[in-house]
Every structure is written in structure tokens, then in C-alpha cells.
Amino acid sequence: MGPLKGIKVVDMTTVLMGPYATQMLGDYGADVIKVESLDGDVTRLIGPMRHTGMGPVFLNTNRSKRSICLDLKKPAGRDAVLRLLQDADVLVYNVRPQAMARLQLGYDVVSAINPRLVYAGVFGFGQDGPYAAKPAYDDLIQGATALPALMAQTGDGVPRYVPNALVDRIVGLTAVGAICASLVHRDRTGRGQRVDIPMFETMAGFVMGDHMGGLTYEPPLDKGGYARHLSRDRRPYKTSDGYLSVIVYNDKQWENFFKATGRDDLRADPKFATFAGRAANIDVVYAELARIFETRTTTEWITLLTKADVPVMPMHDLASILHDEHLEATGFFPVVNHPTEGPIRSMKVTATWSETGAEPVRLAPRLNEHGAEILREIGYSPDEIAAMVRDGVTRSAQE
């Protein structure tokens, strides 16, 4: 009984950004109906996998959903979507609005049959600027919002993308908040609305919130950038036998660090003694910490810093994080039995509520696994469903 129990979401998204958002809505209790093409979401094909069409990226962004495949370029496929939308609470799509208009599924059409619908678009750019019709992908938006330039500035001078679909997931999270806010408005007023969540503007705010710096002011006070984030020595520290993630941030933590390490000389140094002094000399501070941390083992530092109440965490890789003691204790990576894929490692819903528990209601579906079921729910007879299969509007349950 998640907090969104009773909310019906029609999910017309593919790849990562939209599916990540709609998976979260499903985890929170909504009935999410994933409308796929007859070939299915392309992430079904990203391996490795045990069975074709059930790759790990798909499995990890499409749980808590039901799948139906429809050819939306055929009138019967479009009609089926319109039937789905008649009593839906939310439609989420991540193609450009111009594509929705070509399918005759624009907001003007859909809101006429269901004025209570929240019509949520996650796509590249705001529709009132010159980029409105441009395609957008995670890499493009990372580049356009200065992330590779920042990576170059803090690394070896070569621009690189963050090795994570950062944009897709941040914009997906933003979409969940916008959709839930729109549902509150709908419940207050009785009317839905169109809500656009553009990638470029969302990420511009995300990145520049940290790095606007002196560009905040007019005229500018500097060239922008948050000095601590841009220090080349802001990175996991090398110990005598590995690496460690440590941040000594406020005055209390620094005092504890001075005591634990016996560095009274640093306590007396104005570069280290105050927050303002450290901020103005951050490269010097980080470089000195790097030298200090090389003098002991990772285990010795974790023990020492934990006792001193200085923030410290292990530096995991993709394998070791699965065995982190905290995540193991909280059961974050449960191994569950998928009906076709066998044992798979899943991940918990991270938010918790005191009154409405939330957990995945089902594992990621096979393509069109629930197609006939969904069509029956919106009034199609067995003969009509068979005709849709015959005409290539959908697929049979056996395929």
C-alpha cells in the first residue's frame, strides 16, 4: 500500500530518464502501464543477459510496471492508448512534443478526453527557445552544461563525461517531484495540466547551483566555480595500502582531526585553523591531507577517524559495494527470483514512510506480458484483441 496507491500512470517512455521516473512512481504504489513498441524498449537489448530482451539496464529501471506493446502509428494502436488515458491520472512521455503531436496525442487532444490528466513530458529543451525541436541525450546535455569542462579542469585537461547516466537520472527524479506536485494541484482544483521537465534547463540549474560563484553578481566578481569542488586534490585519498574517502569540513571536525593525528602545527597555521582560511587555501589543505593519509593503512584510518568523529567512508568499486556492511545490514541488494530470469539482484526502495510502506510490486515485465490483460481492462473483447494481433497492432501473448 504505497503512498501512490490508486494512481494510474500510462508510461510512454524508453531508455533511462522516463523509465527511471516511472519505476519510482510504481515503487511508490502507482499502477504503471508501460506502453512499448512491438520491438520493445531498446534497453531490453543492453547485455549481459540470460534471455533476449531482459538485459540488466531494463530490469533495473522497469520493475513495478505492466507491459503492453502497441503500434502507435496505426489508428487502432492510438485508439487503445486513448482508451487507457480516459481514466488515467498521469501520462509520462519522453519523445519531443512534436512527435506526440504527429501521433495525435498532444495535450490538446488528450486533455479533451480527460481534463484531470497530468500530462508530463521529459525531453531535451524548453519549448520557448531555439533548441525546442532538437534531440537530446545524456552525453549532449552533460557537455552543454559544462560537466566535461569541469572534469577537464580537475583532471588531466581532457574533457570527459561523468561515467553515469547522470542527466537521465537527475531529470527523472525532477520529473517525479513535478508529477507529484501536479497531482496535489489536481486534487485541489479538479483539473490536470501539462508539465514539461526539460533536460537542459534542469541540468543547467543543477550544475550552476554549485558553480555560479562570482557570476551570481552583476557585474561578475570572478569567472565562476566552487573552489573546493574544483581542487585537483579533491579525490579519494591514497593510504599506505589502498584508498579512502574522507572529508574534514567544519571547525569541530578539524579540531578532532588535529587531536587524533597530533598535528598541533596545523592547528596553529592560519591556512588550516579557520573555515575561511581553509576555503581560501583549499589546494594547500587538500595536498597536505593527501600526504598525511599515505602514512597509515586504510583500516587504521577508518578506526582512528571513526573514533574521532571525522567523516570517513570506504572507497568502493562496483563489486565491493555489494558487500558494504551497512547495505548488507539494511538488505539493500536483495536477491529475488524473477519468473523468467531466475535469481537476480535487485535494489530496495530508498524512501520510507511511517504510514505507507513502499516496495516493488512486481519485477520488470517481459515484452507485452500484460497486453491482453490490460486490453481486457479497458473493454476490448477476445475477438477484438485477436484482430489487433492479426493486424500487427499488438503481439500475441505467446510471442
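Q: Against which elements do the buried residues of α16 pack?

A: The buried residues of α16 pack against β8 (243-246), α11 (251-261), α15 (282-293) and β9 (312-314). Contact here means heavy atoms within 4.5 Å, and buried means under 20% relative accessible area, exposed over 50%, and partly exposed in between (1.4 Å probe, protein chains only). Helices (H or I, at least four residues) and strands (E, at least two) are DSSP runs, numbered from the N terminus. This is a predicted model, in which local features need pLDDT of at least 70, side-chain atom pairs count only at pLDDT 80 or more, and totals for chains, interfaces and linings use all residues. Residues are numbered from 1 along each chain as its sequence is written, and side-chain values use heavy atoms, with hydrogens and water left out.

Q: Which residues of α16 are buried, and which are exposed?

A: Within α16 (residues 298-307), the buried residues are T298, W301 and L305. They lie on the same side of α16, because they cover an arc of only 60 degrees around the axis; the arc is that of the directions from the helix axis to the C-beta atoms. T299, T303, T306 and K307 are exposed on the other side of α16.

Q: Which residues have a positive phi although they are not glycines?

A: Most residues other than glycine have a negative phi. In this model, D309 has a positive phi of about 60 degrees. V15 lies in the loop between β1 (8-12) and α1 (17-27) and is partly exposed, at a relative accessible area of 35%.

Q: Which residues make the nonpolar surface patch of about 260 Å²?

A: V15, V42 and L45 make this patch. L45 is in the loop between β2 and α2 and is exposed, with a relative accessible area of 57%. Patch residues have over 30% relative accessible area and no salt bridge, with like charges joined within 9 Å and nonpolar side chains (Val, Leu, Ile, Met, Phe, Trp, Tyr) within 5 Å. A salt bridge is a side-chain nitrogen of Lys or Arg within 4 Å of a carboxyl oxygen of Asp or Glu. Accessible areas come from the Shrake-Rupley method with a 1.4 Å probe; for residues, only the protein chains shown count as cover.
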